[in-house]
Amino acid sequence: MISGSLDLFSNRYMKSSVQKAGSPSKYEKSGNEQFVTELSKWLFHERGHLKAGNLRHVKVGETNEPAMYRIKDDLEFYVDIYEWSGNSWEPYVADDVQVQFYMMSPYVLKTLSTDKKGLYHTSFKVPDVYGVFQFKVEYQKLGYTSLSLSKQIPVRPFRHNEYERFITTAFPYYGASFTTMAGFFIFSVVYLYNK
């Protein structure tokens, strides 16, 4: 913190009375003492200091964190966020914490729900794009320290044996290939046996 004047912290400014220009009412004390007290608490991390940890993610219905995800998997994301109260770490409660599922740009951006005990969570579907993604929590709020967490995870496409056996959108192609085979067979019979 940079202060423009040492007088800001002087006893004379903290204890002096103030009066608004053009107003007859006079106040016993300025708000300078409260301002300096709150500023020093924030500056020395006695107030507004956030800590995050235990970032984890799992497939829906599972308990162990996977080594990689497949496209279109459903997953759940969790992170714990706490605030220093001066004596101990208390659960931080806010409704504006977000997670990004990120690969060069965010593919998924979700606001996290909280249980009011420090646990933030959400669930979403992995996008239909494969590559190396990151879970990112970038949290910046005025009056609080910033949080920056990330965890990398690969996303793979379907394996060849994980697709449906017959894809309904491919029926015209199936029909075209069988029609071509039948046409070639008829042409061969007519050509060979025609005198």
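Trainee: Which residues does F101 touch, not counting residues up to four places away in sequence?

Mentor: A contact means heavy atoms within 4.5 Å. By that criterion F101 touches P106, Y107, V108, F124, V126, P127, F133, Q134, F135, I153 and V155. Please note that this is a predicted model, in which local features need pLDDT of at least 70 and side-chain atom pairs count only at pLDDT 80 or more, while totals for chains, interfaces and linings use all residues. Residues are numbered from 1 along each chain as its sequence is written, and side-chain values use heavy atoms, with hydrogens and water left out.

Trainee: Which residues of the largest nonpolar core touch the most other members?

Mentor: In soluble globular proteins, nonpolar side chains tend to be buried together. A nonpolar core is a set of buried Ala, Val, Leu, Ile, Met, Phe, Trp, Tyr and Cys residues joined through side-chain atoms within 4.5 Å; buried means under 20% relative accessible area, exposed over 50%, and partly exposed in between, with a 1.4 Å probe and protein chains only. Here the largest core has 26 residues, and F77, V97, F101, Y120 and F135 touch the most other members. The elements giving two or more residues to this core are β3, β5, β7, β10, β11 (131-139) and β12 (147-156). Strands (E, at least two residues) and helices (H or I, at least four) are DSSP runs numbered from the N terminus.

Trainee: Is Q100 buried or exposed?

Mentor: Q100, found in strand β7 (residues 98-103), counts as buried because its relative accessibility is 19%. Its contacts, leaving aside residues up to four places away in sequence, are P106, V108, L109, Q134, F135, K136 and E138.

Trainee: How many bridges join β5 to β3, and how many join β5 to β10?

Mentor: Two strands pair if DSSP finds at least two bridges between them. Strand β5 (residues 74-84) runs antiparallel to β3 (residues 50-59), with eight bridges; H57 has F77 as its bridge partner in β5. Seven bridges join β5 to β10 (residues 119-125), again antiparallel, and D80 has L119 as its partner in β10. Strand β6 (residues 89-91) also pairs with β5 in the antiparallel sense, over three bridges, with Y82 opposite P91. These two strands form a hairpin with four residues between them, and G86 in the turn has a positive phi of about 110°.

Trainee: What is the radius of gyration of the protein chain?

Mentor: The chain has three helices and twelve strands. Its radius of gyration, taken over C-alpha atoms, is compared with the globule rule, 2.2 Å times the number of residues to the power 0.38. The value is 32 Å, well over the 16 Å that the rule gives for 195 residues, so the chain is more spread out than a compact globule.
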